[in-house]
Amino acid sequence: MSEESVHLLNQGAGYGVLVGVGAAFAIGMILTTKLLQRYLHEDANSTETFSVANRSVGTFLSASAVYSSWTWATECLWVGLMTYNYGIQASYYYGAGLAIQISVMSLIGIHAKKKIPTAHTSLEAVNLRYGKVAHILYLILSLICNIASSSAMIVGAAGAISVIAGNLHIVAATMLIPFGVLLYTVVGGLKATFLTDFIHTTILLIIFCYLTTSVLSSDQVGGLNGLWDRLVEASEHKYIEGNYEGSILTGKSKGAVIFGLILTAGNFGLTVMDSSFWQKTFSASPRATVPAYLLTAVFICSNVWPVGAIIGGALHFLENDPSFPTYPRKMTEDEVASGFVIPYVLKGVLGNGAVGALLLIVYLAITSTLSAQMVSVSSIVSFDIYKRYINPSARNKSMITVSHVTCIIFSFGIAGFSVMLHYVGVNMTWYGYFYPIVICPGVVPLIFTVTWDRQTFSAAVISPLVGFGAGLAVWLSTAYHYYGEITIESTGGQLPALFGALTALLLPGVTSIIISFIKPEKFDWEQLKQVDLTIKSDNIYDSNSSVEIRESDSPVDEKPEFAEKQDLAGVNVGSDRSSDTLEEQPVEPKLKDQLTPEELDFWIKVATGAVVFILLITWVIWPMSLYRNWIFTAAYFKGYVTVGLIWLFTTMIVIGLVPFYTGRHSVAKVFRGLRNDYFKKSV
């Protein structure tokens, strides 16, 4: 194999997945959407269905959708290179960096269910509580998050696909990725995204189970005993800076901890600032919100922990094996940084079939998350820009049109932006270290918006701006301090990225608390509960919706004073006269399957306890007990890998297969409808 390039599969495989699989999923989901519309009366042309799936999605389907959205294409690639760079413990820290944010979203979601039950986006809560200035600020921050997360996924996935598929041109890969997603997302909206996520997740987990067990049991690895023996031997010839005795097999790894902290900080931004995760909480039925997110928080580590430990770990000794694609040379720094670790291992150990399976995984992962981003951006544009500022009296038809157009514009726009990032030399690792700095400043103030009644308008507006400026300043200054220059290479260092990310995430929280206590206020949550944000049907009553559509005679009446904040239906909120206004013009949103205040408080307590428990387990009790002068014993390492595999197979059953069972009645109803229609036509 030449040093210049490595060819794993031919270009036909790339085009087959990007075009063939994409078209197959698009056709399948379009057909499914039509069947749901015909036999289950779910109208994809309803804004409530398109944006929040009628707020009726069950526990396991919600969990599958969240799991799929949180299974990034870059995760499948990045965990391998981090394990290669920092040792086995990096695979654990990758999992820890995914779990806590999902549990936090369960807490945010149930708070939102209680305080603003008819919302579609997080920004609606900001607007109702703080008014226009704060609304525009957080709108910008949310769109920055959508752009950064989408482009990061596409950059990593397109780079991997281009290498796997016989050096398929990266521009072609970048432009084709959104194509199939666009078709079914525009037609089916969030419900199609949920269903596609479920199918994607099931296939992805089955392939992960196959790849990890096949690599582990291969001749080159030799099972648990062989993996342990070969890693011990590799540790004698490889020294990892910052690890105890430079060992691959130690829990005391400075690089792994720093990576985990950067990842955790960035992932807080990717969840809390990404309206798609809020939409999934709004879409879940009230009883499903907390269980669905906590299920995902428990199982999410299974898509990186065993993959990193087995496949990423195997690279440490397989790189010197004649079967390895780059043999006899080592992998270049660019190959490692671009995430080609796992593709190369699979090629050397399992051959083209496994590489093709990885190609499918990467494509399924990128399309799952990208479809959620499309719905998120389209909802922000339709609800928080079009209806809020352009056409306050907009009804269902015009809202759907705006959503569809936004999906199209965003998909091609983000593809073009990703192409630009490639040509300026941005790789997956640098971008993964950079984007936490720009997406994290609004995290804590946005959490406070639905959880803390003491945060003031000034705190909500000033704190993210302080965090944004300070995060960038710390990032650049520390890069110059440690490396003596400000370049792509120096700013991609671990310590500058860590200090910048933690500053951007934590400083706004401290700033918000201080400012809020300078001039204390207390917000009345009842003002949010009584506001109906559901979109009016073009008819008086939409029989296919689970939400009763209520008419409003007056559009939004813009007022220049901040004190006169108004909701989308023209109800004054937050002014000195707000309580009187709400008493005179009560708006009682009527949603199905609502929980009582006592039941909501119970789930809030469960979610709060879960957040504390998961944080202590994933970031204190387990990892810190290993951060000492100790190298894994054979028994511990084998148990570590075995538990990871058990976690993965359990995830496949609970997240990937159980939704088949819970949705059996709906599936049966669709098949009965098809049978009856076919029988009638035959007669």
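Is Arg287 buried, partly exposed or exposed, and what is its relative accessibility?

Reply: The model is a predicted one. In it, Arg287 counts as partly exposed because its relative accessibility is 47%, a value that lies between the 20% and 50% limits of that class.

The side chain of Arg287 forms a salt bridge with Glu599, and the closest N and O atoms of this pair are 3.5 Å apart. Arg287 lies in the loop between α11 (275-283) and α12 (289-299), whereas Glu599 belongs to helix α25, so the contact ties together parts that are 312 residues apart in sequence. Glu599 also counts as partly exposed, at 29% relative accessibility.

The side chains of Asp601 and Lys114 meet in a salt bridge with an N to O distance of 2.4 Å. Asp601 lies in helix α25 and Lys114 in helix α5, so this pair ties together parts that are 487 residues apart in sequence.

Helix α5 is mostly covered, with 27 of its 27 residues buried. Ala99 is placed in this helix and is buried, with a relative accessible area of 4%. The C-alpha atom of Ala99 is separated by 8.2 Å from that of Phe299, although the two residues are 200 residues apart along the chain.

Met624 counts as partly exposed, at 39% relative accessibility. Together with Val612, Phe613, Leu616, Ile617, Val620, Ile621 and Tyr627, Met624 makes a nonpolar surface patch of about 690 Å².

The structure holds 4 salt bridges. One of them joins Glu335 and Arg329, with the closest N and O atoms 3.0 Å apart, and both of these residues are buried. On the surface, Glu333, Asp334, Glu485 and Glu489 gather in a patch of negative charge; Asp334 is found in helix α14.

Two features of the backbone complete the account. Most residues other than glycine have a negative phi, and most peptide bonds are trans. The peptide bond from Tyr327 to Pro328, however, is cis, with omega near 15°. Pro328 is placed in the loop between α13 (305-318) and α14 (333-337). Glu245, a residue other than glycine, has a positive phi near 55°. Glu245 is placed in the loop between α9 (223-237) and α10 (254-272) and counts as exposed, at 54% relative accessibility.

Notes
Residues are numbered from 1 along each chain as its sequence is written. This is a predicted model: local features need pLDDT of at least 70, side-chain atom pairs count only at pLDDT 80 or more; totals for chains, interfaces and linings use all residues. Side-chain values use heavy atoms; hydrogens and water are left out. Helices (H or I, at least four residues) and strands (E, at least two) are DSSP runs, numbered from the N terminus. Buried means under 20% relative accessible area, exposed over 50%, partly exposed in between (1.4 Å probe, protein chains only). Patches are made of residues with over 30% relative accessible area and no salt bridge: like charges are joined within 9 Å, nonpolar side chains (Val, Leu, Ile, Met, Phe, Trp, Tyr) within 5 Å. Accessible areas come from the Shrake-Rupley method with a 1.4 Å probe; for residues, only the protein chains shown count as cover. Lys and Arg count as positive and Asp and Glu as negative; His and the chain ends are not counted. The place of a charge is taken as NZ of Lys, CZ of Arg, CG of Asp or CD of Glu.
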